[in-house]
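Notebook open, structure loaded. I want to go through a few spots one by one and jot down what I find.

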Amino acid sequence: MNPYALPAILTSQNLEALLNIGRARLSRLRSDDPTFPNPVAVLSTPRKPRWLSRDIIRWMVIDGRLGEDALEPFAVIDDEGPIAQRWQLADAEFVTITGLRRPVELRTLRYTAINPEDPRKVALCVPVGDHPDLPAISHWIPTEALTQLGYAEARGAVAWIVPTAPGGWHPGTVYGATVDSAERELDMRLLRPNTLSQLLGHPLPFWQRGAVSKAAASIWVPVPHTEGPTPPVPAGPVPALAESKEFREQCAEVIAQISTGARDAPEGTVAQLAQLGNTMWDMRVGEFDWAGHRRKDLDPGWTLPIIPPRESNDEPEPLLPVQPPSVDLFEGLEWLLDQEGLPDQMAQIGVGFYGYPQSVEVIDIDLTTLPARLRQLLENAFTPIEHRTSWLHTALHRHIAGTEPHQPPIPAGWKADPEPHTHPALIVGDRRVYHVPRQTLSLGTPSTVHLVGTGPTDMRRYAAFLVDRTGAVVPIAINARSTTESIAYVLAAVALGFDEPLHMSRYPKLSAAPDLLIRMTEAMESTDHLEIDWTTLLYAVGPRANGLDDRELAKLLNDRSTSPWRDNDS
């Protein structure tokens, strides 16, 4: 029998053919050699023993009957000592696999065995682009992905490099599995990078997540260990830096418009725009420790595959002039978002990175799904305003662009807002599309809080409203994708009079809430609407500590040793 093409389970007859011995000799081996593998108990009977082929092959290699290359593709006897190269690079291509949570494009290096009698093949896969959820989907490979990787008929093994997160302390993670059949999904296991590197005959590329551009991956070719280090290639358009690069270049264009008189701007705006573009770029580039990895040796088995786009914060010819830290970039962001005729994507990138007081995100509410009383309140909560082409307005129209509304959208603002144009909304038939402000808008004496939930449990989205005694309504600043416990944190901040319940990052400023309030908001996991009386909310939260500003109060309440809610079961 060919030791490279054995079935996963072997019978006595298989062993006799593989070892070229008779039944009696096999019986003596089993009784006399204590190192001979035991049959698999759950698959065997006294008359019909069964063995795992990998156990038999390993025994034959240790016994000197076979070379180590007969082991499973990534298996070795001693991974501490020198390991002979077993696989040679044959070709490389891009492969898109499906069957995971979403399609993933891979740069796939293919290898054949150095031993010409071994028909197996190996694939080394590196995801290209920016895939933040890859660590969660790299532990198994579904059967349809095996076919897409070329294992419909072939056998061998698959290795998958999971790029390390920027700033991660470890050099990278490699998973691998043996492919016996394309009819079984693979459970991936961790591999030792240095072992795999020696088996393949070259170092593994140390990609950081978000740094693997298709351009760089396509031109990186590993050099065998015997021929010296593998030279790095240009980084190309680094996926994780694409938005910050675009935003920085657009800031430069707006500065040019101001400098030539094509766009009016207050004094200081040029410096603020330069600060906006530079800060985003520096922070994004700073997430990658390329300079550190070039200064020190990587762990054995790895090599840095790319020439970093920038190794430090010092640029010989900066795109934007460097500004002192005292420049108010948020004032520049306010000006930028209020401009008309600028690229919509520019504003979107700026808001996504820095946050924006006037908009945590856009919410779309269908009034027909709400209880009659809340529907009536929201129908009367808006007043028409003039349409503008600034980002706050265009973001709303972009939100409804793919929904084909049956009625033309009407620009509107909240009636309770003294400046309704600062928080625009759209009336689209029975829908209300609006920005959730980070700050709670001013209102009369509060009466009730309404929580609204839409969508299935695993994709739940939430909205919240505060109603005063006259029936005026304003939105409460919650992240629509919050957990129900996070909603409790926000409501506690609102009840305590926080000016802004959320950080600029959209996370609640409080990280705790009374157990009673958490239990109330947890009800939203199984209902689409919850009305909370304001007096009930105040009772649950308790009085505000005297003499503390919002920052000091948040510090007090978030610290379990000082919080009055520290005894909560939650």
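Starting with surface patches, I take residues with over 30% relative accessible area and no salt bridge, joining like charges within 9 Å and nonpolar side chains (Val, Leu, Ile, Met, Phe, Trp, Tyr) within 5 Å. Areas are Shrake-Rupley with a 1.4 Å probe, and for residues only the protein chains shown count as cover. A salt bridge here is a side-chain nitrogen of Lys or Arg within 4 Å of a carboxyl oxygen of Asp or Glu.

Ground rules before I go on: this is a predicted model, so local features need pLDDT of at least 70 and side-chain atom pairs count only at pLDDT 80 or more, while totals for chains, interfaces and linings use all residues. Residues are numbered from 1 along each chain as its sequence is written, and side-chain values use heavy atoms, with hydrogens and water left out.

**Entry: confidence.** I checked pLDDT, the predictor's confidence in each residue from 0 to 100. The protein averages 87, and 93% of the residues score at least 70. Helices (H or I, at least four residues) and strands (E, at least two) are DSSP runs, numbered from the N terminus.

**Entry: nonpolar patch.** Ile9, Val42 and Leu43 form a nonpolar surface patch of about 280 Å². Leu43 sits in the loop between helix H2 (23-32) and strand E2 (51-52). I get 43% relative accessible area for Leu43, so I log it as partly exposed; buried means under 20%, exposed over 50%, partly exposed in between (1.4 Å probe, protein chains only).

**Entry: Trp220.** I found Trp220 in the loop between helix H7 (214-219) and strand E12 (233-234), buried at 5% relative accessibility. Contact means heavy atoms within 4.5 Å. Leaving aside neighbours within four places in sequence, Trp220 touches several prolines, among them Pro203, Pro205 and Pro231. Val233 is 13 residues along the chain from Trp220, and their C-alpha atoms are separated by 6.2 Å.

**Entry: salt bridges.** The count is 21. I looked at Lys214 with Glu105, at 3.1 Å, N to O. Lys214 is in helix H7 and Glu105 in strand E4 (residues 104-113), so the pair ties together parts 109 residues apart in sequence. Lys214 is partly exposed at 41%, and Glu105 is partly exposed at 25%.

Next came Arg120 with Asp118, at 2.9 Å, N to O. Arg120 is buried at 9%, and Asp118 is buried at 6%.

Last, Glu379 pairs with Arg375 at 3.1 Å, N to O. They are 4 residues apart in helix H13 (residues 372-379), about one helical turn. Glu379 is partly exposed at 37%.
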